[in-house]
Structure formats: C-alpha cells, structure tokens
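Hi there,

Here is the structure I promised to pass on. Please have a look at it first, and then read my notes below.

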Amino acid sequence: MRSGRGGTGTLRGPAADAAYGNWLTLGKDGRLSLYAPADDGVVRWTETAVGGPAWSGPHLHPVEGMTHLTVAQGADGYVHLLGRRERVVATGERGVEILHAIQYQTGRALADWRSIGNPHYKHWEQGLGIGQPTGVVARDGTLHVLVRSSGGGLALRREDANGKWRLWESLRQGGGVDPMPAAVALNSGRVEIGAVTDAGLAVWRQTRPGGDFEGPHTVPLHPRRGTMAALETGPDRATFLWADPAAGGGAAWRPGGWPVPLGGSVPEHPYALLRTTLDGYDYVVVAHRDAEGHVVLGVGATENEAQGFWWYVLPERCLGSPALAHDGEGRAVMALVAPDGRPRVARQEPGGGLTFARWDTL
C-alpha cells in the first residue's frame with residue numbers, strides 16, 4: 001500500500017482493530033476523511049470531491065511506536081488524533097505518553113505530533129498502567145482527553161481552543177473504571193461522560209459549558225465493559241448505549257430513566273452512532289461488529305427505543321467498530337476496515353430508507 005510520506009503505510013493485520021472514536025470525519029469543505037492505524041503511523045484517505053466516490057490516499061503521517069489510535073472532531077471541523085506510546089525517558093526508565101496531533105484542513109498535513117504526558121508525570125513507571133486515550137471536543141473547541149489512570153480512576157486533561165493545556169485532573173470515584181469510557185459533547189456546550197466501574201455505571205456532568213465536572217453519579221447498572229457509546233438525542237440530553245449480554249443484545253439509557261433493550265446481537269465494541277432523518281422522521285442509526293465478525297446495522301426512532309429497532313446483518317466483515325458519518329450531500333456513509341486490513345466505504349442509496357448497496361475498497 002503506497003504512502004504519502006515515507007514508510008509502508010501498511011495497516012495492521014487481522015488481529016488489530018480499526019481506530020477508536022469518530023474515525024470517519026466530514027470537513028468544513030464537505031469532503032470526508034478516513035483515518036486508520038498503521039505499523040509506522042496513521043494513514044488517511046480523503047474524498048477528491050464532495051460526495052465522492054473517488055478518494056485520494058493512503059497518505060502516511062509517521063509516528064513511531066504509537067498504539068491505540070483515537071479520533072475526535074469538533075464543531076469547528078478540526079480533527080484531533082490521540083494515541084498511546086511507550087518509550088524510554090531521559091532517566092532511562094520506561095514510560096508512557098499520550099500523543100496528540102491536529103488536522104486543521106481537510107486533506108492537508110497534520111500539525112506536529114506532541115506529547116501531553118500522562119496523569120502520573122512525576123512517576124513514569126506508574127504511567128505504564130494507564131489505558132488508551134478517549135477524546136471529545138466541546139462546542140467551544142476545547143479538547144477533553146480521558147485516560148484510565150494506573151490506579152483504576154479516570155483522569156482528564158483539557159486543551160482550550162487557543163491551544164493552552166490545563167493540568168491533569170482526577171475525576172474521582174471508587175476505581176475499576178473501564179478503559180473505554182463514553183463522552184459526548186452537547187450542543188449546549190456541556191460535556192457528559194459515562195463509564196463502567198466496579199460499583200456500576202458512573203456519569204460525570206459539567207454544571208455549565210467549560211465548567212467543572214460534578215459526580216460521579218453511580219447507578220446499579222452493569223454494561224459490558226468496552227462497549228459504551230453516547231449520542232445527543234434531545235436538547236442538552238445524552239443517551240448512552242452499550243452491550244447487554246444478559247438481554248442478548250444492546251441497551252439504551254438516559255439519566256433518570258431505565259435501560260431499554262434494543263434487541264439485535266451483542267456488540268463486540270462500542271456502537272458507531274449517527275442521528276439522521278429518514279423519510280422526514282428523526283432516527284438513530286447504529287452499527288457494530290458481532291461475534292462472528294459481521295457488520296450489524298440497526299435503525300430506531302430517536303428517544304423512542306421501546307418501539308423497537310430494525311436490525312440487519314450485512315455480509316461484510318470488519319475489524320473493530322465500523323464508522324458512520326454524513327457526507328457533504330447529506331447521505332449516511334458507513335466505513336469499515338475489512339479483515340485484509342483495507343478500508344471499505346458505502347453510501348446511503350437514493351430513494352428513501354437506509355440501504356448500503358455498493359461497497360468501494362480504498
């Protein structure tokens with residue numbers, strides 16, 4: 001596979017996953033970009049025109065030794081890439097750092113990769129126990145980086161829209177935090193975070209945009225670890241979704257309510273989520289990888305989960321979670337990394353409803 005700047009640009013093999021987070025992004029110019037981890041960095045494909053179908057790439061953005069690629073995008077269109085890297089520090093000790101880079105314009109080069117350290121910056125060896133980073137960007141452009149600390153708590157570091165980083169903060173709770181929390185940026189400007197802990201499902205809420213987080217508020221729910229996802233489904237209101245093996249499928253929950261079974265099969269990873277309009281109605285689209293490796297697509301009315309979801313098992317197989325986004329023409333688009341390590345993309349077919357009929361391999 002060719003690359004943009006040195007290296008092989010080869011995607012990792014079938015034992016690896018796709019990137020975590022929103023790794024299919026829509027730029028301000030209406031073109032989609034797709035990001036994937038490679039052995040020697042991050043590779044990116046970009047639509048050559050609004051609505052496709054042609055793509056340029058892969059273009060390699062080299063970074064040595066990085067793992068666990070996470071992608072987050074803000075309302076400003078900037079794409080934030082996060083990764084975890086182990087290295088030998090100046091003292092000769094092994095340490096872990098969280099890496100961060102930004103793509104400001106669709107199809108352009110990334111800004112330089114920079115280390116933002118880790119929550120145990122005074123004790124490098126402790127840092128070896130931290131989890132992979134999760135990212136979410138508030139409406140004002142503030143990047144929130146979440147990492148499970150080596151003690152099992154949840155740590156937060158924020159970068160404001162001017163590029164100034166705050167110190168690491170501890171979102172205190174009893175421990176046993178899942179290394180893959182779910183965070184959502186609400187249109188009100190607030191951010192909410194949900195995570196599975198030893199005590200149950202913990203939720204942290206900002207009291208105001210840019211403010212401190214209150215909580216955690218813990219409820220006796222026990223989602224499957226590694227499967228939490230979140231989406232804004234109403235004004236200043238988040239819905240959390242996860243795998244519920246006891247019910248044999250998924251579940252959706254909003255604070256103050258009860259979980260609603262979604263049916264379908266049990267997701268292996270967090271759902272990819274997209275809120276869209278179909279035939280004039282507001283729907284939530286979900287996609288995930290099942291235990292056999294197939295892509296599963298679900299569609300249900302927004303905040304009306306009790307009426308049921310329609311589920312479709314697609315013939316396509318994937319690594320990790322698929323990704324969902326709207327393209328520049330408003331069509332739903334799904335992307336996946338196939339078992340051979342090559343990304344594939346399909347668009348919503350015209351004529352109403354939600355059908356992905358043609359798959360293009362990048």
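What follows is a short tour of some strands, aromatic rings and a pocket.

This is a predicted model, so local features need pLDDT of at least 70 and side-chain atom pairs count only at pLDDT 80 or more, while totals for chains, interfaces and linings use all residues. Residues are numbered from 1 along each chain as its sequence is written, and side-chain values use heavy atoms, with hydrogens and water left out.

Let me begin with the strands (DSSP runs of E with at least two residues, numbered from the N terminus). Two strands count as paired if DSSP finds at least two bridges between them. Strand E1 (residues 20-21) runs parallel to E6, with 2 bridges, and Tyr20 has Thr70 of E6 as its bridge partner. On E6 there is also an antiparallel pairing with E7, over 6 bridges, where Val71 stands opposite Leu81 of E7. E6 and E7 make a hairpin with 5 residues between them, and Gly77 in the turn has a positive phi of about 90°.

Next, the aromatic rings. Rings of Phe, Tyr and Trp (its six-membered ring) pair if their centres lie within 6.5 Å; planes under 30 degrees apart are stacked, over 60 edge-to-face, and the rest tilted. That rule gives 5 aromatic pairs. In one of them, the ring centres of Tyr78 and Tyr104 are 4.8 Å apart and the planes are at 85°, so the pair is edge-to-face. Tyr78 sits in the loop between strand E6 (66-73) and strand E7 (79-88), and Tyr104 in the loop between E8 and E9, so the pair ties together parts 26 residues apart in sequence. Elsewhere, ring pairs link Phe240, Trp242 and Trp253 into a cluster.

Finally, the second largest pocket has a volume of about 260 Å³. A pocket here is an open set of points on a 1 Å grid over the protein atoms alone, where a 1.4 Å probe fits, with protein on both sides within 12 Å along at least five of seven lines; lining residues have an atom within 4 Å of a point. The volume is the space filled by probe spheres set on the points, which are joined across faces, edges and corners. Of its 19 lining residues, the closest to the centre are His100, Ile102, Tyr104, Glu159 and Gly163. Strand E8 (94-103) and strand E9 (114-115) each give two or more residues to this lining, and E8 has the largest share, with 3.

Best wishes

Notes:
Helix = DSSP H or I, 4+ residues; strand = E, 2+ residues; numbered from the N terminus.
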